[in-house]
Amino acid sequence: MTQQDGKSTTLGVAVIAHGEDEIRVVPRRMVGRWIGAAVVSIAAAWVIYQLVTNPAYDWGTVWHYFLDGTVLQGLWMTLLLTALTMVAGALLGVLLAIMRLSGNPVMTVASTTFIWFFRGTPALVQLIFWFNLATLFPQISLGIPFGGPAFWSASTNALVTPFIAAMLGLGLNEGAYMAEIVRGGILSVDRGQDDAVRALGLRPWQGMRRIVLPQAMRSIIPATGNQTIGMLKYTSLASIVALHELLYSVQTIYNVTFQTIPLLIVASVWYLILTTVLSLAQVKVEQHFSRGERGSASDTRGRWGRLIHAVVTRGSVRHA
Amino acid sequence: MHENSRHASFLEARDLRKSFGSLEVLKGVSLEVARGEVACLLGPSGSGKSTLLRCINHLEVLDSGRITLDSELIGYEKHGEVLREISVRQLCQQRSMIGMVFQNFNLFPHMNVVENIIEAPRLVKGVSRQDSVDRAHELLAMVGLAEKADNYPRQLSGGQQQRVAIARALAMEPKLMLFDEPTSALDPELVGEVLTVMRMLAEQGMTMIVVTHEMAFAREVADTVVFMDDGLVVERGGPDEVLGSPRHERTRSFLARTVRR
């Protein structure tokens, strides 16, 4: 490209001049890379070819139902359920994390047991369990426990709607995961920060709020972003209790029209759009919380590289 | 000891004992520091110097012994025959009178230099934003970093970070400054700038306790040098005495090793 001091670089070939002798430097041949690239290219070409030519995809039906009223209603429910379960899960998670780190043995054991139970049983099972709560407690009352008088009482079946069952099943499960994320974030902050906070005479809660939690956010935010993206997809579990969310809404259509694949594609495309938007939002939030960090001002990937990287890596990660 | 007895002692530590698990780190250490005195603590690693320093502002809780600063008992109050641990509020009040500088600086990485300095005065002492910012700029000028006010700690060299940490501690107007190996994490060429600031503080009459391996600094600036080994004070006196003609064999062999280094 440029010629200076007898040293030149062209694409792949460098020429180094030592006095009169010129030595050509040829990069090593990477045969494996070429073979790998060829295999992947062929596979990709086949994927595109069959997407275009296989009539069973029925792209016309996909576009026909893409903005259908029933689908959009389901989409709204999916968004609402995701937002509410994440807010509930985050609040519960902070509470459980602080209980666990409090040093009070009763609090620690209570928090640990909660996390053990709700992280150790599948969200789907919990969801079905809450939906069938009436079998265990036909009536729910507010009053003095252990046989005292009740001030208020209602039928469990009327109270635990599909939406409430989904909120309980997914929200409690999420709370257990968020508790571990928040706890990990707090513990990831250097112990020297706590020394500095105490030596300056800050109160414990001042140090937590002003110094420790803002730094813990650096690891809490990316993990919470992953959880939110995961939750968006996990809300589809609520279709099992007939909650009218995105998956259930396409199911109600294909149960009548038998266009199963096109309608599942409708749902998938919507899920992809939503997870992509969430990933972009997450990058913005992370930039805000990485203030003062090395590399926050100049990531070598550049703006678009970071966005693409974030979308590609975050779209697929989720706990079991 | 003889040198100190002429002053009313400002900081007084009596027979301090502290164990971590089965390891006894302080085995009955006493220390007196007069107002305006600079005391350097020397000794091999693991001798209990840092623990002693951390006990003085109650970052570590003592097993036994007591510490008074300006006649005020640190961490406890006396109720008849018992010592009762003071409230968190009172403890924070006491700690705000004692500045501390750490080996690893421990600046707040998510705040810029000025925010680092004004955080504690604003939260603990309720100083107004404007007053605390003005004071921060004065302190930064004093440590030679006036132009770094808006930088984040990551953008500063180790020596600069440590000078900001000193300014942060001074912003609380402490009666006593504790330095825990303030130059040990620095590249050799950055040690001088931090020692210069500390020397200036000493000249201004700040009472200082410095854990250090910088013999030249101790010789030049310290009023008292305390040599510790294995959880005990082995020897104390003026720098010429302890560093020039040590009486104890352990002091001699330690000095021989460090001077060669």
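B:R135 and B:E138 form a salt bridge, here a side-chain nitrogen of Lys or Arg within 4 Å of a carboxyl oxygen of Asp or Glu, and their closest N and O atoms are 2.9 Å apart. This is a predicted model, in which local features need pLDDT of at least 70 and side-chain atom pairs pLDDT 80 or more, while totals for chains, interfaces and linings use all residues. Side-chain values use heavy atoms, without hydrogens and water.

The two residues sit three apart in helix α4 of chain B, so about one helical turn separates them. B:R135 is partly exposed at 28% relative accessibility (buried is under 20%, exposed over 50%, partly exposed in between; 1.4 Å probe, protein chains only). B:E138 is also partly exposed, at 47%.

Helix α4 (residues 129-142) of chain B packs against helix α3 (residues 113-125) of chain B at about 125°, with axes 9 Å apart.

Chain B holds other salt bridges. B:E220 meets B:R199, with the closest N and O atoms 3.0 Å apart. That pair links distant parts of the chain: B:E220 lies in helix α7 and B:R199 in helix α6, 21 residues apart. B:E220 is exposed at 52%, whereas B:R199 is partly exposed at 23%. In helix α9 of chain B, B:E249 and B:R252 are three residues apart. Their salt bridge spans 3.6 Å, N to O.

Some bridges join into a network: A:D194, A:D195, A:R198, B:R54 and B:E60 are linked this way. The whole structure has 21 salt bridges over all chains.

Terms used:
Residues are numbered from 1 along each chain as its sequence is written. Chains are lettered from A and ligands numbered from 1 in the order in which they are written. Axes are lines fitted to C-alpha atoms, for helices over the stretch in contact, and angles run from 0 to 180 degrees between N-to-C directions. Helices (H or I, at least four residues) and strands (E, at least two) are DSSP runs, numbered from the N terminus.
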